[in-house]
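Please keep the sequence and the structure in view while reading.

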Amino acid sequence: MARVVVDVMLKPEILDPQGQAVQRALPRLGFEGIADVRQGKRFELEVEGPADEAAVARMREMAATFLANTVVEDFVVRVES
């Protein structure tokens, strides 16, 4: 089995109110020097069989149609060793 990770993030031009709320809270908690925070999602998928190019292509299709809203989100698919 192989593990495929899909990271989903809002596109840079989309406002991220959750990330902004975290950024505003950090100084109150004693964490200084953070210029920006963006919040996203991470999916870890255990794939039966090898994570060959066909399997990764299937994961990209799944991410584009189900895991991410491609109107406002970008995603990256990678195989984790």
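A residue counts as buried when its relative accessible area is under 20%, as exposed when that area is over 50%, and as partly exposed in between. Arg3, with a relative accessible area of 31%, is therefore partly exposed. The model is a predicted one.

**Overall build**

- The protein chain contains three strands and two helices.
- Read from the N terminus, the order of these elements is β-α-β-α-β.
- The radius of gyration of the protein chain is 16 Å, whereas a compact globule of 81 residues would have one near 12 Å.
- Along the principal axes, the C-alpha atoms of the protein chain fill a box of roughly 45 × 30 × 15 Å.

**Surface and burial**

- Of the 81 residues in the protein chain, 26% are buried.
- The protein chain has an accessible surface of about 5700 Å², and carbon and sulfur atoms account for 57% of this surface.

**Charge**

- There are 10 positive and 14 negative side chains in the protein chain.
- The centres of these two sets lie 4 Å apart.
- In the whole structure, a search finds eight salt bridges.

**Salt bridges around Arg3**

- Arg3 and Glu44 form a salt bridge through their side chains, with an N to O distance of 3.6 Å.
- This pair links distant parts of the chain, since Arg3 belongs to strand β1 (residues 2–10) and Glu44 to strand β2 (residues 40–47), 41 residues apart.
- Arg3 also forms a salt bridge with Glu46, where the closest N and O atoms are 2.8 Å apart.
- Here too the pair links distant parts of the chain: Glu46 is in strand β2 and Arg3 in strand β1, 43 residues apart.
- Both glutamates fall in the middle class of accessibility: Glu44 is partly exposed at 43%, and Glu46 is partly exposed at 45%.
- A network of salt bridges links Arg3, Arg42, Glu44, Glu46 and Glu80.

**The pair Arg60 and Glu53**

- The side chains of Arg60 and Glu53 meet in a salt bridge, at 3.4 Å from N to O.
- Arg60 has a relative accessibility of 37%, so it counts as partly exposed.
- Glu53 counts as exposed because its relative accessibility is 57%, and the cut-off for that class is over 50%.

**A buried lysine**

- Lys11 sits in the loop between β1 and α1 (17–28).
- Which side chain of opposite charge is nearest to Lys11, and how far away is it? That side chain is Asp74, at 4.3 Å.
- Lys11 is buried and has no salt bridge. A salt bridge needs a side-chain nitrogen of Lys or Arg within 4 Å of a carboxyl oxygen of Asp or Glu.
- Apart from neighbours within four places in sequence, Lys11 is in contact with Arg38, Thr70, Val71, Val72, Glu73 and Asp74.

Definitions and conventions: Residues numbered from 1 in each chain as written. Predicted model: local features only at pLDDT ≥ 70, side-chain atom pairs only at ≥ 80, totals over all residues. Heavy atoms only, no water. Helix = DSSP H or I, 4+ residues; strand = E, 2+ residues; numbered from the N terminus. Rg over C-alpha atoms; globule rule 2.2 N^0.38 Å. Buried < 20%, exposed > 50% of the residue type's maximum accessible area, 1.4 Å probe, protein only. Areas by Shrake-Rupley, 256 points an atom, 1.4 Å probe, with all protein chains shown as cover. Lys, Arg positive; Asp, Glu negative; His and termini not counted. Charge placed at Lys NZ, Arg CZ, Asp CG, Glu CD. Contact = heavy atoms within 4.5 Å.
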